[in-house]
Amino acid sequence: MPKLAAFPKAFMQQLCKEGTMSVSEWITLASTLDIQGLEWYAGFLEMSDEKNWPRFRREVEDTGKVIPMMCCSPDFTHPDAAFREKEIAKQKRWIDMTQVLGGSYCRVLSGQRRPELSVDEGVKLAADSIHACLPYAQERGITLIIENHYKDDFWEYPEFAQKMDVFCQLVAAVEHPFFGVNYDPSNTYLAGEDPIELLKRVSHRVVTMHASDRYLAEGTIEDLRKEEGGAMGYAKRLRHGEIGKGLNDYDAIFTELKSQGFDGWISIEDGVDGMDQLARSVDFLKRKIAQHWG
């Protein structure tokens, strides 16, 4: 049976920029949810002090939950080798962070879609950088997970591997027992593409998942597809919503994942309209998991 975790989507500014919410406060809020884990974020302000890492693990485990996944954003497509080496070093520190927190999965990304990069060049830079991190991850029992991502909050350009064909090319370039896919159906809409089509292409590599939902604030899916790739208009046209009430077809998603034997972590990126919304999304996913995995 897949297990559920939650991510503090509604509180990222408070936890990562403003410092107006403490990590302990988020743990207390999340402790009320009927889930098994909390997905962590490397950019929480308090994570800069390594002494906090074991403390936060204890606080989470004291609520009966665990920290299975780490969310971080390396930028591996920079043309400068020295820059990429620094990103590899950062990724290794995030792997250490994941291990201390008791996690098993640490996210990687491709990097930014810089205009001067060809697809083949970008895939090679990203794949080489991921390969450079994999022995370090394997030694610590950590699986690196690549997400079909849209854009890190602090990047100038969207994700290099945002588009399905590029993402699949990068996934195919990294064959390793400690590497897999973190599937996010909502991000596929942000690329103007079909999340079920992407899932069927990579489902045999999926080891974790982000669960969220999106709804169109204006226009149609066809309007979305006509817009320029990676344009900010994607984000404006789509809004985060309660899971089960948006565009994503969770029956189709879970049918495909179940057919591949998936039983990993599903982390909920929701609750932008409050903890009650997040709790309803938990209930929806629990019902769907019971329906499909029984």
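Buried residues are those under 20% relative accessible area, exposed ones those over 50%, and partly exposed ones those in between, with a 1.4 Å probe and protein chains only. The model described here is predicted, so local features need pLDDT of at least 70 and side-chain atom pairs count only at pLDDT 80 or more, while totals for chains, interfaces and linings use all residues. Residues are numbered from 1 along each chain as its sequence is written, and side-chain values use heavy atoms, with hydrogens and water left out.

Strands (E, at least two residues) and helices (H or I, at least four) are DSSP runs, numbered from the N terminus.

Two strands are taken to pair if DSSP finds at least two bridges between them. Strand 1 (residues 3-7) runs parallel to strand 11 (residues 265-269) and is joined to it by five bridges. Within this pairing, A6 stands opposite I268 and F7 opposite E269. Strand 8 (residues 206-211) also runs parallel to strand 11, through four bridges, and H210 has S267 as its bridge partner.

A pocket is an open set of points on a 1 Å grid over the protein atoms alone, where a 1.4 Å probe fits, with protein on both sides within 12 Å along at least five of seven lines; lining residues have an atom within 4 Å of a point. The lining of this pocket comprises 14 residues, with S73, K90, W94, D152 and W155 nearest its centre. Helix 4 (residues 81-101) supplies the largest share of the lining, five residues.

Finally, the cysteines: the structure holds zero disulfides, a disulfide being a pair of cysteine sulfur atoms within 2.5 Å. The sulfur of C106 is 3.7 Å from the closest cysteine sulfur, in C72, which is too far for a bond; C106 is buried, at 0% relative accessibility. For C16, the closest cysteine sulfur is in C71, at 9.4 Å, again too far for a bond. C16 is likewise buried, with a relative accessible area of 10%.
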